[in-house]
Amino acid sequence: MFLSNPGKCKGSGDCVDACPTDAIRVEDGKAKSCITCGKCERVCPNRAIFKNKFGGYVVDRTKCNLCGMCQKVCPVDMIRVKDGKIMGLCSNCGVCVPACQEGARMAPPSKPVPMEKEQVNRFSVTTDHENCIECGRCAYFCPTNSIKFSYIEPGACTKCDLCRDVCPRDAIGPIEEGGQYQIDTAKCAVCYKCLIECPNDAIVAEHGVLEIQHPEYDVENDTKMISCLNCKVCVDACPTDGLKIEGKSIRFDPDYCLLCNGDDDACAADFDHAPCVSACPQGILEFVPDSKITLEGYCVSCGGCIAQCKYDARKFANTVWNGEIKPQCIKCGICVEVCPKGALSIADGEVKVNFDECVLCEKCAIHCPVNAIPKTSPLKMKITNGYSMINNNLCVGCGKCVDACVFKAISSDEDGNLVIDNNRCIYCGACRTACPARAIKIQRDFEATI
């Protein structure tokens with residue numbers, strides 16, 4: 001219920017004119033409104049009245065038969081039948097607040113969530129993408145395959161330096177600084193060690209002559225790498241002790257893993273849809289059934305990638321987030337939807353973070369359509385397709401969706417009903433988040449890009 005200050009109210013009726021559900025009227029020079037007590041919902045025989053996420057009440061006109069039970073029990077005599085519709089229920093849409101010129105209408109203050117932490121931190125191996133040339137050397141040395149690259153051309157040199165490490169004659173290197181690697185045939189002993197060890201099969205031999213094949217793209221600009229963030233969401237998703245935390249590191253015990261032991265009833269039989277795999281925000285956790293250690297993609301914090309990186313791009317670091325969100329945030333609510341820990345909410349027109357629950361998995365930032373949330377991972381989930389519609393049997397006509405849509409995709413048709421232009425809509429869901437009546441349906445498809 002939106003609060004009313006009788007001392008400030010002058011009975012101008014501006015709030016009455018603004019209210020889309022006729023839930024306010026002026027009596028004895030003061031505004032009187034629905035108190036959202038919920039009696040109407042409890043007595044409705046058709047369950048046509050429901051409480052929304054803002055604490056208000058809405059009528060589903062597809063279920064309502066105008067029996068009048070809600071009208072009879074309303075303690076403030078606010079509910080009426082008008083033009084074949086039940087009116088007088090406050091949906092807590094808040095339209096009355098800015099309409100009141102005296103400031104007599106106000107939203108009730110939200111209760112702050114008590115938290116022990118004032119920020120959230122995550123200790124993990126991070127990547128300095130300014131220094132990283134995406135050579136793939138770190139991935140080669142990672143014992144659990146927790147580092148992935150978006151694209152490395154098979155059979156082409158990435159300058160990972162493994163060939164130079166193993167060459168006994170120092171016969172491999174760039175002719176000029178920063179240039180492509182070549183083999184000095186005068187020094188080369190043709191031992192084939194470089195050919196054997198090259199992780200990308202970039203070295204070929206023909207008639208006893210070794211040659212390095214080079215990519216057709218700029219290695220430093222066209223590829224991006226992602227890696228385990230050590231957020232431990234996979235551990236939380238594991239129904240057994242197959243994944244657990246020792247110290248600050250993730251450990252895997254195949255003896256407890258239900259997938260490894262074939263217990264399909266307790267864990268998903270499909271490797272791709274195992275709880276831990278589905279939970280991974282980076283999408284790099286996977287089961288490899290034919291491997292001796294069947295689960296790959298989790299970082300064990302061994303530091304091998306740090307020691308092997310030639311460009312000082314991998315390092316242990318403490319990533320900190322104080323909850324700051326950039327001004328371009330459109331309050332679409334996708335971050336709230338995808339957060340695996342329930343750490344995000346939208347209240348008082350702002351996205352708020354519960355630092356006691358947040359684990360900095362970055363799933364919210366990865367899915368944010370306007371890049372309002374900071375992240376360290378280059379992974380991005382982009383909305384590629386979708387569908388949206390407004391159910392006018394639920395719509396209360398508050399117009400909150402119109403105000404929420406920054407893409408101007410919502411307007412009234414010739415009958416006065418609100419409709420969504422799917423040519424403008426990006427399916428972000430800002431309208432659905434603002435809607436007090438569950439009147440908006442959104443479906444969307446995401447595609448991972450790096």
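A residue is called buried when its relative accessible area is under 20%. That cut-off is used throughout this tour of a predicted model.

**Whole chain**

Oriented along the principal axes, the C-alpha atoms fill a box of roughly 105 × 45 × 40 Å. The radius of gyration is 30 Å, whereas a compact globule of 450 residues would have one near 22 Å.

Of the 450 residues, 44% are buried. Counting contacts between residues at least 6 apart in sequence, 63% join residues at least 24 apart.

**Strand β9**

Next select residues 120–127, which form strand β9. Six of the eight residues in β9 are buried, so by the under 20% cut-off the strand is mostly covered.

**T127**

Now select T127, in β9. Is T127 buried or exposed? T127 counts as buried because its relative accessibility is 17%, and the limit is under 20%.

Show side chains here. Those of T127 and R314 are joined by a polar contact of 2.7 Å. Leaving out residues up to four places away in sequence, T127 touches C132, M225, S227, A313 and R314.

**The largest nonpolar core**

Move to I147, L243, C276, F287 and L295 and select them together. These residues have the most contacts inside the largest nonpolar core, which has 35 residues. To see where that core draws its members, colour the elements that give two or more residues to it: α5 (137–141), β10 (147–149), β15 (225–227), α9 (233–237), β17 (249–252) and α10 (275–279).

Centre on C276. Which residues is C276 in contact with, leaving aside its neighbours within four places in sequence? They are C234, A237, L243, L285, F287 and L295. Among them, L243, F287 and L295 are also on the list of residues with the most contacts inside the core.

**The second core**

Finish by selecting C19, C70, C96 and C100. These cysteines are included in a second, separate core of 24 residues.

Note on methods:
Residues numbered from 1 in each chain as written. Predicted model: local features only at pLDDT ≥ 70, side-chain atom pairs only at ≥ 80, totals over all residues. Heavy atoms only, no water. Core = buried A, V, L, I, M, F, W, Y, C linked by side-chain atoms within 4.5 Å. Buried < 20%, exposed > 50% of the residue type's maximum accessible area, 1.4 Å probe, protein only. Helix = DSSP H or I, 4+ residues; strand = E, 2+ residues; numbered from the N terminus. Contact = heavy atoms within 4.5 Å. Polar contact = N/O pair within 3.5 Å; in protein donor to acceptor, adjacent residues only side chain to side chain. Rg over C-alpha atoms; globule rule 2.2 N^0.38 Å.
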